[in-house]
Structures are given as C-alpha cells and as structure tokens.
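Here are a few notes to read alongside the model. Keep the structure open and look up each residue as you go.

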Amino acid sequence: MVTKRLRIGGLLIAGVLSGCGGGGGGGSVSGEVQADLAGAVSIENRTRVDLDTADDIRVGLAGDNDSRNTSQALPNTAVVGGYLSSSRGTYNTNTPDNFEYFTDRIDIYAAELSEGDRISFQVFESPQSYFPIGTLPPQRSLRVVDADSGQPVFTLSESSGSVPITVVLGSDGAGFDEGAYFIELSTSGGAPFRYVLTLASESSASVMNTRYAEPDFLVDEAVVTFKSESSVGQGGPAVAQAMSAAEARHLGGHSWRVRRNVGQPVTALSAQTTESMRADTLNWIQQLGERADVEVAEPNYIYTAQQVTPDNDPLYSRQWNYPLIQLPLAWQAAPEGGLDVGIAVMDTGLFRNTPASSGAWHPDVDANVTTLGLAVMDYVSADLDIDSRWGDPSGRDSNPADPGDGRAQSSSFHGTHVAGIAGAVDNTSGVIGVAPRSRILPVRVLGEGGEGNSADLIDAINWAATRSEIDVINLSLGGLGPSQSLEAAVNNATEAGKLVVAAAGNQGTDEATYPAAFANVVGVGAVDGAGKRSSYSNIGPSVDLVAPGGDASRDANQDNQADLIISTWGTDDGGVFVPGYAGLQGTSMAAPHVSGVYALMKSVDPTMTPDRFFTFLVGGQLTNPPPNQTEYGAGMIDALKSVDAALDGNTSTILAARPSSLQFNGVVNQQEFNFAKYPSNANITIESVTDSATWLSVNLEAGPVSTTDPVTALVDTSGLDQSQSYSAEIEIGYRDNSGQPTVSPLVIPVTLQFGDSPEDLDAGRHYVLLVSTDDSRETVAQTVVNASEGQYSFAFDEVDPGEYFLVAGTDMDNNGLICENGEACAEYPVNGLPEKIVIGGEPVSGVTLNTSFRRPTIAAMGLPRYGFEGYRLKTGTDEQGEPVRQVETNR
C-alpha cells in the first residue's frame with residue numbers, strides 16, 4: 001500500500017477515510033477507496049444564499065424568489081449572498097470555458113422585523129475588463145414593504161457605487177411596527193453584480209465587513225513601536241542600522257518611522273510594480289514585528305480627508321447647521337466664544353494668499369490663527385508634499401500654509417474649510433465659526449490630494465501633546481488602518497489634556513474607521529438639515545455622537561438649497577490664490593462642530609478636560625437623545641446643553657461596560673466585558689448584581705470596580721427551546737465612594753439567539769480547490785459540493801505530492817472566480833490567513849474549514865490583504881472528458 005501524508009501547519013497528520021463523496025477535478029471515491037484528502041466546510045450561523053444565482057441558472061437548478069408569493073424566508077438576523085443582473089451576456093475572462101451571466105432583475109425575501117433592526121445592501125462588481133467598453137455600472141434598488149398592507153416603508157434606488165445602502169428601521173422618528181415584511185432587491189440596468197444582504201438587530205456588533213479592507217500605505221516604510229526606551233536615545237542612524245534600514249525618524253514615545261530604501265515615492269510607480277512592492281513591504285513588516293525588541297510593526301497607512309462635493313455658494317444665511325445644534329443660544333451662554341482655547345486643525349494646512357511666504361491667511365480666520373515661531377507645523381513628508389518646489393526637500397517646515405495641489409485646476413482647501421467651521425471670526429462678512437474667538441493652530445498632516453500617512457500623523461499628535469497652546473485636536477481624516485502606534489499617540493495626547501476629535505468616515509458602513517474608532521477619540525458622524533443621518537455617514541463603532549455634516553442629495557430643512565456646510569475656501573487657478581467660500585458635505589465637516597463646542601465649554605470652565613467631556617457625553621448631558629445608538633451614537637451635539645453642562649460643573653459618576661451589550665448564539669455561551677469609569681479616577685464600589693433570566697449568570701460580586709480585570713457572563717442553554725430567541729438584562733448597582741452622585745444602575749442588554757437548524761444553513765454551491773502556492777495561484781484540483789446538514793463534505797484523490805492551498809467558495813455570478821468580495825469563502829485553516837499544506841503519503845480525513853460571506857478584519861489578520869481578487873476556477877474537461885465544473889448534488 002502506498003503511504004500518503006498530509007502536513008498541515010508544520011504538523012504531520014494521518015487518518016483514514018471511507019465512503020466520502022467527492023468529484024469534479026479531484027475525482028470521486030467510494031467503498032474501500034481512501035482519498036488523499038477529505039474533510040468538511042462548515043457554514044457560519046444564519047447564512048443564506050439567493051435561490052437563483054447565475055451559477056444556479058447555468059445548470060438549471062435555480063429556484064424562484066422573484067415575487068412576493070414565492071419570496072424566500074429569512075431569519076430576523078441573517079447574512080445573505082446573492083446575484084442580480086438586468087441582462088444576459090458573456091464575461092471576457094480569457095479562459096477556455098464560457099462564463100455567462102443571466103437575467104435576474106429582482107430577488108424578494110420575507111422576514112420578521114422590529115424597530116431598530118438594520119438592513120444593509122452591499123454591491124460587488126466583476127472587474128471592468130470582463131465587460132465591453134462602455135458598460136454602465138449597475139443600478140440597484142432596496143425596498144422594504146409591509147407584508148400586511150403592501151405599503152413600502154423604505155425605498156432607495158441609485159448607482160451601485162462603493163457605499164452600501166443602509167437603513168435602520170424606525171430611525172425617522174415615525175415609529176416602526178414589528179411584524180412581517182418583504183425585502184425587495186432589484187436592478188434596472190448596467191452590469192451584473194453580486195450582493196450581500198445583512199439583517200441585524202440594533203444590539204448586534206459590526207456585521208458589514210463583507211470585503212477585505214485594503215487601506216493604502218507607503219511602500220518600503222513601516223511604523224515600529226519598540227518595547228522599551230532603549231531605542232529612543234540612540235538616534236535615527238543607530239536605529240536604522242539596527243533595523244537594517246536606510247532611514248529612521250523618531251515619532252515620539254517608543255515609535256519610529258523606518259524606511260527600508262530611499263527611492264521613488266509610491267505615486268511614481270506603475271500599478272503592477274506597486275502591487276508587488278506592497279506585498280514585499282508587508283512581508284518585511286511582518287519580519288520586523290517578529291523581532292524580540294519590537295512591540296508592533298505596522299504599515300505606514302495613508303489617511304485621507306473625509307469630505308466630498310464642493311459647491312461655491314456662500315454665506316451666513318445658509319449656515320443652517322448652527323441653529324440645528326442651538327449654537328446661537330450657546331453663544332449667549334458663552335459670550336467669550338472660546339476665547340484663547342487652542343484648536344489644532346490637523347489637515348491640509350490653511351489658505352494663505354502667498355503660501356510660500358508670510359502672506360495673509362484667509363480673512364475669515366486670519367485674526368484667530370496662531371503659529372508657533374520656528375516650531376514645525378508642517379509635518380507632511382516629501383513623498384506626499386509639493387513643498388520641494390520651494391526649496392524644501394524634506395517636506396517639513398514651520399509654515400502650515402496650504403500650497404494647493406500644483407495643478408492647473410483649482411485645488412481642494414479642505415483644512416481651510418474645517419478651520420472655518422471650528423473658528424471663523426465674527427467680522428460681519430463671510431461666515432462665522434462655532435468658536436469665533438478661539439485660537440486656530442493649523443498643522444499640516446495631509447499633503448497633495450488630501451492624503452497623509454500614519455507616521456506624520458503620529459509625529460504631529462505627539463508634538464501637540466507637549467504644547468500648552470493646544471486644547472483640542474481636530475482630525476477630519478481617517479482610514480481603515482488600525483495602527484496601534486497611532487492609538488498610543490492619541491492616548492498620549494489625551495493624558496496630556498488634549499481632547500481628540502475625528503471624522504467617523506464617509507463609507508456608509510459599520511466597519512471601524514481610524515482614528516475615530518479608538519476609545520480615547522470622539523468619533524463624529526454626520527447628519528443633514530433635519531438631523532437625520534447623512535446617507536454616506538458611517539455607523540457603529542466609529543460614531544460616538546453626530547453633528548451637522550450635510551448631504552448634497554437632500555434639502556431636509558426645506559430651504560430650497562442642498563444641505564451643504566458653508567465655510568471658508570479658496571481658489572488657486574493659474575497659481576493665483578484668492579480666498580472664497582464653498583459648501584461641502586462629509587464627516588470632515590461634522591467633526592469641527594464638536595471641536596468648536598468643546599472650545600466654548602472650556603472658555604466658560606478652564607478646568608474642562610477630555611475626561612470630563614467623556615463623562616458628560618456618556619451621561620447624556622451634551623446631546624439630544626438619539627433615534628438609535630447604531631447610527632447616532634449618543635445623539636446629536638447640542639451646543640447649549642454642552643455649555644450649560646460646563647457652567648453647571650456637576651458631573652455624575654457613571655459606570656459603563658465595554659462592549660455595552662452581549663450576544664450569545666448557543667455555540668458561544670461565554671462572553672467577557674470590561675468596566676469603564678467616568679470620570680476615569682472615580683472610586684466606585686459595586687453594591688448589587690442581578691440578572692433577569694435563570695439561564696444567565698455573571699461571575700461578579702459586590703466590591704471595588706476594576707477596569708482591567710474582565711467580567712465573565714455565561715448562559716446555560718439546557719432546557720431552552722432552540723427555535724426561540726431570548727433576551728435579558730444584567731443590572732449592576734453601584735455607588736461613588738467620594739460621595740458624588742451616580743446615575744441609574746448600569747444595565748447591560750443580553751440576547752441569546754440560537755443558530756439555525758443545520759438543514760436551513762446554506763451558503764450556495766461551493767467549489768473546493770487545491771491551489772498552487774506560487775504567484776500564479778493555479779487551481780490544480782477541484783471538486784463541486786452542496787450543503788447538507790449545515791456543511792459541505794469534500795474529498796480529493798490521486799493528487800500529486802506537493803504543497804497546496806486548500807480553499808472553497810461560491811461563484812454566484814458565474815464569472816469563474818471564487819472568494820471575491822461578495823462571494824462565500826473558506827480558506828484553510830482561517831479565512832484571510834491561508835497556510836500551505838503538504839500532501840505526501842498517507843490519506844487524511846477530518847480537515848475542517850469555515851465558510852461565510854463576511855471577511856475578517858485587519859486586526860484579526862494582523863496585516864491587510866492587498867490586491868486579492870479571488871481564486872480562478874479550473875475550466876474545461878477532465879481526462880475522462882467530463883466537465884470540470886460538474887454538479888454533484890442538488891440543493
């Protein structure tokens with residue numbers, strides 16, 4: 001007997017398989033024949049698939065969900081993958097197989113929905129090269145219809161774009177009746193597309209990570225944080241030599257920017273070269289992170305301005321945003337208008353009529369601008385700057401003027417717009433800022449095109465932490481890179497008494513955006529003229545509260561103007577810099593409203609600190625109650641309430657939990673949470689711990705509160721009906737030992753939602769592949785499997801010995817690729833972190849993978865996955881002349 005072995009993750013595993021079905025390119029086994037490799041792909045709970053994908057239509061196995069009478073039933077929490085197309089055609093895949101797309105204009109689902117539930121509709125397109133030139137992007141529509149009355153409660157149609165359609169039921173304030181609803185997804189033109197439909201309750205954690213995040217970063221650069229002080233005093237050349245790098249620059253604390261080679265900037269590289277260099281950079285960063293003296297090594301992530309759509313129509317009469325947050329009344333309560341409170345606007349710099357010299361700043365902010373002599377206030381590295389044309393090859397200097405973009409057309413003066421919102425002067429012309437007598441300290445961290453990198457931002461924040469002139473740092477910028485070194489800089493600034501405020505992002509998703517999602521940052525979402533969440537504004541973990549950010553697609557305040565935020569701007573056509581005004585939308589515009597309100601608060605109470613601000617925020621003293629926390633955080637900032645809170649000076653002691661709610665599913669029956677105290681130095685004692693369900697228990701007793709020791713909550717599912725969902729609360733009574741008043745007890749909502757019955761789980765027909773480990777990622781063997789009892793069983797036989805990747809996934813749009821964003825995907829052993837397997841001698845069984853339409857976060861993977869486009873299916877026929885993509889069983 002031939003001996004076969006499978007080496008997985010460095011471990012030699014042996015096993016025996018009998019009677020496992022397989023097929024396709026891998027060959028089937030039966031009876032006493034033992035497969036080289038066999039196992040199962042499990043399906044994530046509450047996963048469903050559209051009944052009529054292109055792959056189903058191709059083989060004549062499509063179901064019918066095109067009408068309300070044949071609607072496809074979903075649980076009230078679900079992740080559904082699907083396919084829609086307004087026409088039929090053939091993809092240009094340059095393969096032997098004929099990959100067609102088929103007409104399917106509508107999919108209708110039915111579900112029981114409640115107020116606060118959220119629905120997300122995300123669209124993913126095939127590469128543009130797959131279609132004839134001129135093919136339009138798809139049109140998509142989401143409609144939610146009351147099943148009893150037949151009346152729509154939500155309708156939105158638009159081009160696909162990159163922003164998902166997201167609706168939180170009942171968030172318009174009109175209320176929402178719990179009951180049965182149809183969810184209708186449709187397309188009316190353009191290219192075919194994959195989609196992921198997500199249904200989630202208000203208390204659900206982030207669920208919209210259905211794509212691999214690809215934050216941009218600079219090649220050949222890393223941000224390295226060391227474990228000790230030993231490196232700090234060595235100087236750049238010594239650190240660079242120790243890291244085998246060309247350059248090293250200290251960023252403050254234990255963090256350094258390390259550059260491996262000195263060469264062309266990333267913008268000068270071709271797309272193909274850039275992709276290979278990025279992969280090489282990530283490998284290098286991973287090696288740096290494995291050093292014994294390194295705490296963390298990360299890419300030098302790119303962050304961008306969070307603003308869109310200029311409109312050149314002034315002025316104060318159109319500043320609808322101020323009455324919306326009761327700012328005129330707040331000015332009466334804080335007549336000094338933020339006098340001498342320093343707002344560091346870390347952005348693209350500030351408009352100056354002669355930016356290369358000491359010309360005048362924009363006239364609406366000039367009187368409030370403060371610079372600090374020879375101190376560096378332009379932190380933009382030369383790679384992202386155009387200051388070299390002024391004889392400044394390093395990019396860094398003491399001049400924070402915005403030099404524009406150096407193009408023939410007018411540039412974006414993003415930082416000037418942000419500065420005007422925060423602190424434009426009350427000078428009877430133009431516009432006025434939230435804190436019109438504050439000090440504006442422009443700090444350049446974003447260069448050409450509104451881009452900057454984490455190393456420059458870390459350096460600037462650490463510098464700001466040392467400056468007594470600065471009280472609040474405004475960051476109207478963001479990205480998907482969760483830099484631990486950036487978070488350390490933010491924490492450093494917070495400990496130094498600086499409030500850090502950041503834009504929550506304009507992607508319309510609940511994926512975390514940084515720096516807004518960091519615990520010590522006030523993440524600000526955007527609302528329109530009626531206080532409703534702007535269509536682009538992110539939700540979830542990046543949003544602590546909301547403020548006016550505008551929405552160009554709406555006139556919610558019915559003033560016959562689009563809801564844009566009017567502020568200071570400029571033009572530089574032909575190199576002539578002329579001050580002006582513009583209307584913009586974005587969470588970039590929302591953030592400086594909060595920074596300005598903090599300046600008003602600090603002007604009436606100079607003892608105001610970030611800790612007290614967060615205490616007021618958590619206590620509901622700064623905002624109006626929100627329609628829901630998912631979209632609005634603590635609610636919309638109210639300038640008058642905020643100033644009144646500062647004037648009153650009384651803060652209650654508040655105990656909070658992170659996370660603020662707990663979810664169990666019958667498989668995960670244990671969860672941990674930590675306490676957070678407001679203010680952070682409060683001395684709190686727990687007096688009572690109660691829960692409202694016999695199936696719930698908490699390992700917590702009366703006594704002093706610890707913010708470092710996690711608390712464990714457990715559920716006992718024995719005797720519970722697994723077809724039902726359950727809810728409960730943990731109530732924790734507490735007191736402040738110093739005698740400060742406390743609010744009501746801490747209440748932590750708990751939900752227990754069992755997984756589906758195995759027979760209901762379905763992520764669509766899966767192609768299981770053995771893929772080469774070289775750069776070609778060629779599919780060597782392939783089998784096709786269908787879901788049965790919540791999993792897919794697979795087997796491969798007669799596989800040549802060697803190294804492979806083991807992957808599986810759907811091809812719902814039938815374009816010949818699996819594991820694209822929007823497709824179900826499984827990789828061995830963990831999605832996003834595939835490892836090589838070595839097939840040698842003995843047969844092996846019991847290999848397990850997990851498939852899902854969702855994707856792991858960067859934090860889970862460690863480093864971003866850049867340029868991943870999926871795995872190409874093996875096409876044509878096998879040696880016996882059978883189609884490689886043959887179907888094994890029906891759904």
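1. Let's begin with confidence, since this is a predicted model. The protein has a mean pLDDT of 87, and 90% of its residues reach 70 or more. Residues 1-32 are a stretch to read with care: the pLDDT there is below 50, though this stretch has 91 contacts in the model beyond near neighbours in sequence. Residues 309-314 also have a pLDDT below 50, with 20 contacts beyond near neighbours in sequence.

2. Next, find the cysteine pair. A disulfide is a covalent bond between the sulfur atoms of two cysteines. The count here comes to one disulfide, and it joins C819 to C825, with an S to S distance of 2.1 Å. Are these two cysteines, C819 and C825, buried or exposed? Both C819 and C825 are buried. The torsion about their S-S bond is about 85°, so the disulfide is right-handed.

3. Now turn to helix α8, residues 484-495. At 1.5 Å a residue, its twelve residues should span 16 Å, and the end C-alpha atoms are 16 Å apart, which agrees.

4. Which residues of α8 are buried? They are S485, L486, A489, V490, A493 and T494. While you look at their spacing, keep one rule in mind: an α-helix has 3.6 residues a turn, so residues three or four places apart point the same way.

5. Finally, check both ends of this helix. At the start of α8, a side-chain oxygen of S483 comes to within 3.4 Å of the backbone nitrogen of S485. Just after α8, G497 has a positive phi of about 90°.

Definitions and conventions:
Residues are numbered from 1 along each chain as its sequence is written. This is a predicted model: local features need pLDDT of at least 70, side-chain atom pairs count only at pLDDT 80 or more; totals for chains, interfaces and linings use all residues. Side-chain values use heavy atoms; hydrogens and water are left out. A disulfide is a pair of cysteine sulfur atoms within 2.5 Å. Buried means under 20% relative accessible area, exposed over 50%, partly exposed in between (1.4 Å probe, protein chains only). pLDDT is the predictor's confidence in each residue, from 0 to 100. Contact means heavy atoms within 4.5 Å. Helices (H or I, at least four residues) and strands (E, at least two) are DSSP runs, numbered from the N terminus. The expected span of a helix is 1.5 Å times one less than its number of residues. A polar contact is a pair of N or O atoms within 3.5 Å; within protein, one must be able to donate a hydrogen and the other to accept it, and residues adjacent in sequence count only if both atoms are side-chain atoms.
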